[in-house]
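Subject: Structure handover

Hello,

Below is the structure I said I would pass on.

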Amino acid sequence: MNQRPTTSVQARRDAIDGAQCVVVKVGTRVLTGPDGKLDRRRIDVLSGALCRIADTGRQVLMVSSGAVGAGLGKLGLEHRPTGLSQLQAIAAIGQTDLIQAYETALSAQGRHAAQVLLTAADLRRRKGYLNVRNALRQIHAFGAIAVINENDSVAVSELKTTFGDNDRLAAQVAGLLVDAIVIILSDIEGLFDGHPNDKASRRIDVVDSIDETVLGFADDKKSNSSKGGMASKLKAAELATSHGHPVIIAPGRDDDVLDKIFAGEPIGTLFLPLENNIRGRRRWIGAAAHLGGSLQLDAGAANALINRGSSLLAVGVTGVVGSFGAGSIVAMLDPDGKEIARGLCNYRSSDVLKILGQPSDRISDLLGKSSYENVVHRDNLVLS
Ligand SMILES: Nc1ncnc2c1ncn2[C@@H]1O[C@H](COP(=O)(O)OP(=O)(O)O)[C@@H](O)[C@H]1O
Ligand SMILES: N[C@@H](CCC(=O)OP(=O)(O)O)C(=O)O
């Protein structure tokens, strides 16, 4: 097992040295000036730093917010509307300026910007996941830099709740990559142990694990242009570190921030990757040749797995095919018999037969022993 780094300097060196891929996420607050307009100088500065990292041979991906911010500035709107279609239109109007600014900045350095607009759903299905991963690899092979944003005009279900959570998208994009680091650039020095405006609050240098105390540090107020806040950055960090990727939240308005990070300077907050991460297990499930059997699901369960990234609960299982032991890999079939996922089943087939269609809180009684809440946990599940 890997040794946990003992000092902050060592932890930062490990994070940088181990990173073959670099996902940089930049927020609206960094990319727009006080006048609400796109800050093109900032995009020039960031693009220069991205090229220097790419020159080291690393795959560099930029997840850039700013479409709504740029659209608001372009249209001369002072306040962010709340209507979904208005926001979608503003994002579409702003996105063209955003990508144009990256292309201008990157082409001055001999590289190109490759616009990639994604929704979370694109990455949940194995086919979409592989397509996106292949496209990103090819963009890198051409020497271009992917500039990724949420496809705001189609990502309707995500938009309703969190309009464009690019912090999460950055973590999901890193999930496509091996040996990645995620760098989240915001208008703040890093994670503080209280509200940053509070004089007693201090920047945290290294976070070993994202527990309730750490999550409790996020103290967000709604803003006009950006939406995620620190809570969304911590959730994204939780996801990325669970896949084995280190995360750094750092001050995007420092012109030298990326160079400092790669020089190992103690800037921002570093979140260490989880030691027992789920990446290897998932990859193994997806690649496993031997299937123990299959579970038949109702439409609600199939939908929850595909569209909500949920775990499989017994209540959504309608049938079992085959005889298998607990811990076997099983295929999950939708009501038409089509395979939609594979995963590691917490129960042997005879137990699944006893609990199918039942709510989770009845499982212990039905089996007469302590039980798992779900039949297949989402961390042990790969969509087909
Ligand atoms: N504990 C905390 N430490 C640092 N920043 C925090 C904390 N709690 C809330 N914040 C807020 O999070 C903001 C950054 O998130 P956000 O507004 O979404 O920026 P971005 O546009 O870069 O995504 C900071 O400006 C800060 O006000
Ligand atoms: N897709 C949206 C992203 C919104 C978003 O996540 O904003 P932020 O919290 O500033 O990173 C846009 O380009 O405006």
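Domain bounds here come from an automatic or database domain assignment. For this protein, the assignment gives domain 1 (8–277) and domain 2 (281–383). The model is a predicted one. Taken over C-alpha atoms, the centres of domain 1 and domain 2 are 34 Å apart.

Eight strands form an open sheet in the order 3-4-2-1-5-7-8-6, and the pairing is mixed. Its edges are strand 3 (113–118) and strand 6, each of which pairs on one side only. Strand 3 runs parallel to strand 4 (residues 145–150), and six bridges join the two. Within the strands, Leu117 is placed opposite Asn149 of strand 4.

Helix 1 (residues 8–17) packs on this sheet, where it touches strand 5, strand 6 and strand 8 (269–271). The direction of helix 1 makes about 65 degrees with that of strand 8. Val9 belongs to helix 1.

Helix 3 (residues 40–54) lies across strand 1 (21–26), strand 2 (59–64) and strand 4. Helix 3 runs at about 155 degrees to strand 2.

Helix 4

Helix 4 (residues 67–75) is mostly covered, with seven of its nine residues buried. These are Ala67, Val68, Gly69, Ala70, Gly71, Leu72 and Gly73. What do the buried residues of helix 4 pack against? They pack against helix 2 (28–31), helix 5 and strand 4. After helix 4 comes Gly76, which has a positive phi near 70 degrees.

The annotated positions

The UniProt annotation "binding site", from an unreviewed entry, covers Lys25, Ser186 and Asp187. These positions span 163 residues in sequence, yet no two of their C-alpha atoms are more than 12.1 Å apart, so they gather at one spot.

Two of the annotated residues can be described further. Ser186 lies in strand 5 (residues 180–186), while Asp187 sits in the loop between strand 5 and strand 6 (206–207). Ser186 is buried, because 25 other C-beta atoms lie within 10 Å and the cut-off is 20 or more. Asp187 has 16 C-beta neighbours inside 10 Å and therefore counts as partly exposed.

Leaving out residues up to four places away in sequence, Ser186 touches Gly27, Arg29, Val30, Lys233, Ile249 and Gly252. With its neighbours within four places in sequence left aside, Asp187 is in contact with Arg29, Val30, Gly252 and Arg253.

The nonpolar cores

The largest nonpolar core has 75 residues. Those with the most contacts inside this core are Val23, Ala146, Val147, Ala170, Val182 and Ile183. Which helix gives the most to this core? Helix 5 (residues 84–107) does, with nine residues. Not counting residues up to four places away in sequence, Ile183 touches Val22, Val24, Ile248, Ala250 and Ile261.

A second core is separate and has 28 residues, including Leu312, Ala341, Ile363 and Val375.

Four bridges link strand 9 (residues 293–297) and strand 11 (residues 329–333) in the parallel sense. Ser294 is opposite Ala331 of strand 11.

Regards

Technical notes:
Residues numbered from 1 in each chain as written. Chains lettered and ligands numbered in written order. Predicted model: local features only at pLDDT ≥ 70, side-chain atom pairs only at ≥ 80, totals over all residues. UniProt positions renumbered as here; feature names shortened; annotations may be inferred. Buried ≥ 20, exposed ≤ 12 C-beta atoms within 10 Å, placed from the backbone. Contact = placed C-beta atoms within 7 Å. Pairing = 2+ DSSP bridges. Axes fitted to C-alpha atoms, helices over the stretch in contact; angles between N-to-C directions. Core = buried A, V, L, I, M, F, W, Y, C linked by C-beta atoms within 7 Å.
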